[in-house]
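Subject: Structure for your review

Dear colleague,

Please find below the structure for your review. A short account of the findings follows it.

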Amino acid sequence: MRAQGLLLLASLLALGSQLPGIVGWKKHEKSGGCPPDDGPCLQAIPNQCTMDYHCPIGKKCCSRACFLQCLPKVMVKLGRCPLDQLRCLSPIQHLCSLDKDCSGNKRCCPGACGRDCRSPVKG
């Protein structure tokens with residue numbers, strides 16, 4: 001009887017380790033988003049993190065120029081920014097910095113010539 005109990009426990013533990021992959025949880029990902037990354041890549045700096053759980057409370061592992069760094073997380077609205085396939089011929093001009101700069105459910109999205117407020121796409 002004891003062997004059956006251990007076998008059952010081992011089976012449940014094995015199944016539990018597979019659940020995040022099956023259900024699609026984003027393991028170790030914190031809520032919120034990262035601030036915009038506008039910095040040029042000036043030099044190779046080693047990553048300070050590789051996942052959100054490497055960062056202290058209130059910070060996320062975000063791309064900063066050429067490396068990953070723990071930065072204060074920012075509020076993001078639902079949906080994702082539409083992709084912009086255009087190429088800009090004029091200087092970059094940002095009309096917003098963060099989602100909170102945009103009215104309603106619009107998001108501050110990167111475009112061909114800089115960030116502007118756009119309606120998000122589902123997904």
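A disulfide is counted here when two cysteine sulfur atoms lie within 2.5 Å of each other. By that criterion, a search of the whole structure finds eight disulfides.

This is a predicted model, in which local features need pLDDT of at least 70 and side-chain atom pairs count only at pLDDT 80 or more, while totals for chains, interfaces and linings use all residues. Residues are numbered from 1 along each chain as its sequence is written, and side-chain values use heavy atoms, with hydrogens and water left out.

The predictor's confidence in each residue is given by pLDDT, from 0 to 100. Its mean for the protein is 78, and 76% of the residues reach 70 or more. Over residues 1-25, however, pLDDT stays under 50. Where pLDDT is low, the predicted coordinates should not be read in detail.

One of the disulfides joins C34 and C62, with sulfur atoms 2.0 Å apart. With -85° about the S-S bond, this link is left-handed. Another joins C49 to C61 (S to S 2.1 Å); at 95° about the S-S bond, the link of C49 and C61 is right-handed.

Burial is judged by relative accessible area (buried under 20%, exposed over 50%, partly exposed in between; 1.4 Å probe, protein chains only). C34 is partly exposed at 34%, whereas C62 is buried at 1%. C49, at 3%, is buried, and C61 is buried at 13%.

Finally, the side chain of K77 reaches the backbone oxygen of K106 at 3.1 Å.

Yours sincerely

Key. A polar contact is a pair of N or O atoms within 3.5 Å; within protein, one must be able to donate a hydrogen and the other to accept it, and residues adjacent in sequence count only if both atoms are side-chain atoms. Contact means heavy atoms within 4.5 Å.
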